[in-house]
Structures are given as C-alpha cells and as structure tokens.
Amino acid sequence: MGKRGISHHHQNNGGPTDTIIPRLLSPFHLGPLFRLSHRVVLAPVTRCRAINNVPQNSHVKFYSQRTTRGGLLISEANAVSPQAFGFPHSPAIFSEEQVKAWKKVVDAVHDKGGIIFCQLWHVGRASHTVYQPNGEAPISSTANPISEEWSIMMPDGSKAIYPSPRALETSEIPAIVEQFRAAARNAMAAGFDGVEIHAAHGYLIDQFLKDGVNDRRDDYGGSLEKRCRFAAEVLQAVVDEIGAERTAIRLSPIIDHMGAADSDPLSLTSHLIRLLNSFPCLAYLHMTEPRFTKEGLTEDIASQGDCMAAKMWSIVKNEFRGRLMRSGGYTRQTAMEAVSSCSADMISFGRLFISNPDLPLRFAIEANLNKYDRSTFYTHDQVVGYTDYPFYMDSTETNSKDKNNTDIPNCSSVTAN
C-alpha cells in the first residue's frame, strides 16, 4: 500500500475514476469488512450513565438514536480492568455482566444497519483511590501525579486533585497488555464490529509514550522505541486476538492533556506512524486535534495559531499508509473541507452528535443544529441530556414512520457536502 494521498482516497471512495473528489457524505470502504454510507462518525464520548459500570437500557436508546444504515459509531471508553476507571459510572468490558449489557446495545445498532467499534481504555494515573480496588494508588508509567492545575471528578460530582500513582514494575506490564487482549475478546463476544485502543489524551498508554510523564529506566522508558513499546505490545496483542482489520487506535502525540507532554512531539509522531505502518491492515487511525485545555475543547480552531499542528498533520498525511479519522471541534464546513482536501477519510463528532442524534441527516440537508448543554454531559440522569435531544423530524410534519427512518438522503449525490 502506498502513501496516503488523492489516489488513496479516491480508491476507497468507490468511484470509477480518480477524478472523483471524496466528500463528507459519500460512501467509504473501511477496509475489507465495512462499507460506510458516509464519513460522519460518532466519537467516543464518556457520559457517566453506566450505573455500577454496567450499560443500561438508556445506552441502547442513546446509540440506537445515533445509528444510520452504514454509519460508524465508536462507543464511549470502556475500562479493561477494575484498575482502569477514572470517572463515576463509566462502563467496562471485563465482566460477563458488562458484556451481556453491551450486547443489547450492539444488537440495537446492528438492527438499524449500523457499525459499532468498542473503545478500550485504561486511565492509568488519571484516576483516584476512590475508583481503585481496595483504595489503592492508581498505576502509571511514573510515580509522579498529574499537576494540581488539573482536577478529577469524584463520584458525588465534586472535584479533587489527582493523587500520586504507583509506577508499574516491569514484570507487571505484560499483565496489563493481557487485559487489553481480554477486553478485545470480550468486545467480540458482545458483537462489536471492532475495537479502538485509547492511546491518547493523557491516559495510561499515552503516559508511556510521552517523555514529560514517562521517567522510567527500564525497557519501557527512555528512547522513543522503549517509550512506544507498551503501545506496540497492546496493539500486537489486540491484532493477534481479533485481527488487524477490526483493530483501530487513537493517538494525540502533540496534545498535553493532563500533563502528557513530550519534548519532541513531531519525532514521536513519526515514530508512531512507522509503528502503525507495520500493521498495514488496521481499520483506522483516530487522531485528535491539539485543542484540549483544562476547560475542554476550544471553540475556535483558528485561535490556536499552532504551527506544530500543521507540521504534525504534514507528517501524518505524507507518511501514514492507512485510513485516517480526525476529531476535535469540527463543524460541518471544516469537516467537509478536511475530507474533500484528502486530509482525512472520516471525521468524528462528539458534542454535536451528543446534541443531534440525527447529525448526518442534518448535515445532508443543511438543517440547524440543536445546542448542547455542557452541564449535562457527565451527569447520571438516564434521560436528561442523554436521550432527550430532539430529532429534526420531530419539528416537521411527518408521520411516525418517517421519524424512525434510519437512512439519510442519497448522500453520495449530495453536492453540498
């Protein structure tokens, strides 16, 4: 497979010639297994609605609402072990009860013709003793805590500082790798179409990747190769378990969320791309825009003025040989531009998809969008701010059959996309 570029995108767009420009709402071959009807993806968004870490009936409704025939959804992050939690009532995929609960969600998505991947997660030091078995210290690549400028959400909704973690012993790391392998196996048992390994945003794998966190002196610290070893082993284990074509990974090499900074993020980017290219059949690479702050994502892409981001994307575009998904504050217009310029194959949306369950339809017909309510993002209410955002059809004079239609207009022929 050659480098990414125009011919790569056109090949996957299914067009008869390489003069066809890929568009946000045109079909896309996601590897040999999946044909997407459009490129608008539900991003993995933690919502804190999994009571006692088990998905509820409200999860079935939430994901079903956001399903279109041939559309791709990525689940919220799932803890791979009891040590992996960092949010109240976030879901997991390591117990039989959790697997059975997720199967109901997956079945609902499949019944409507959708495709769904399960994001696998270990927060590492981005946790608190209250979330750890027996109140133990969280684990990480380091014994240094996250800076006090960041805070963690406690079970009662209050904020607290992050405690000091315990640096994993070298001998303990293979067991963590096996937790990711087992979680991937469980995801397949639940019926998921694939998994996305969360190796971004300052969580455990990212804590190994970044030299601003990783201060180890063993085989998992120091050089780029050693710092990337844990990520490589997790990726290899998951690929061995379920196949490369069902395995994806999320990275954020130049984002310093929760103190996960690197002294040379561009070299880290290049090294990670070379690593991923050694797995030529991966489902996709999910990259986050460098717009994370303590307050969340900034609203204005242009306000960053970050030439580092441009350099990173140049590396990715020129060196990565697989399918690329981008996310982080995209609008309809900026997403269209990214896809049509061949700088992304797919765009994932978080906040806009939270508040607009029929987001692909609204994009297709250029409808107004519902505004999201940030105050309800991480509450535990099973309805409010979760499944009660209105559909576009709810405000039009259509019958109930139309309201339940999971298709969007013939997207490949929508020229405004």
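The dialogue below works through the confidence, architecture, aromatic pairs and backbone of one predicted model.

Reader: What should I know about how the model was treated, and what is the average pLDDT of the chain?

Author: This is a predicted model, in which local features need pLDDT of at least 70 and side-chain atom pairs count only at pLDDT 80 or more, while totals for chains, interfaces and linings use all residues. Residues are numbered from 1 along each chain as its sequence is written, and side-chain values use heavy atoms, with hydrogens and water left out. The score itself, pLDDT, is the predictor's confidence in each residue, from 0 to 100. Here the chain averages 89, and 86% of the residues score at least 70.

Reader: Over which residues does pLDDT stay under 50?

Author: One such stretch is residues 397-404, for which the model has five contacts beyond four places in sequence, a contact being heavy atoms within 4.5 Å. Another is residues 410-417, where pLDDT also stays under 50 and the model has 19 contacts beyond four places in sequence.

Reader: How many helices and strands are there, and what share of the residues is buried?

Author: Helices (H or I, at least four residues) and strands (E, at least two) are DSSP runs, numbered from the N terminus, and the chain has 13 helices and 17 strands. Burial is read from relative accessible area: under 20% is buried, over 50% exposed, and in between partly exposed, with a 1.4 Å probe and protein chains only. By that reading, 58% of the 417 residues count as buried. Among contacts between residues at least 6 apart in sequence, 73% join residues at least 24 apart.

Reader: How is an aromatic pair read, and how many does the structure hold?

Author: Rings of Phe, Tyr and Trp (its six-membered ring) pair if their centres lie within 6.5 Å; planes under 30 degrees apart count as stacked, over 60 as edge-to-face and the rest as tilted. The structure holds 15 aromatic pairs. One of them joins F34 and F117 edge-to-face, at 5.9 Å centre to centre with 70° between the planes. Because F34 lies in strand β2 (residues 34-36) and F117 in strand β6 (residues 115-121), this pair ties together parts that are 83 residues apart in sequence. F34 is buried at 8% relative accessible area, and F117 is buried at 0%.

Reader: Which other ring does F117 pair with, and what does that pair tie together?

Author: F117 also forms a tilted pair with Y284, 5.6 Å centre to centre and with 40° between the planes. Since Y284 lies in strand β13 (residues 284-288) and F117 in strand β6, the pair ties together parts that are 167 residues apart in sequence. Y284 counts as buried too, at 1% relative accessibility. Elsewhere, F87, W121, Y203, Y372, F377 and Y378 form one aromatic cluster.

Reader: Where does H201 lie, and what is its phi?

Author: H201 has a positive phi of about 60° although it is not a glycine, and its place is the loop between β11 (194-199) and α5 (204-209). At 5% relative accessibility, H201 counts as buried. C342, likewise not a glycine, has a positive phi of about 65°; C342 is found in the loop between α10 (332-340) and β17 (346-349), and is buried, with a relative accessible area of 4%.
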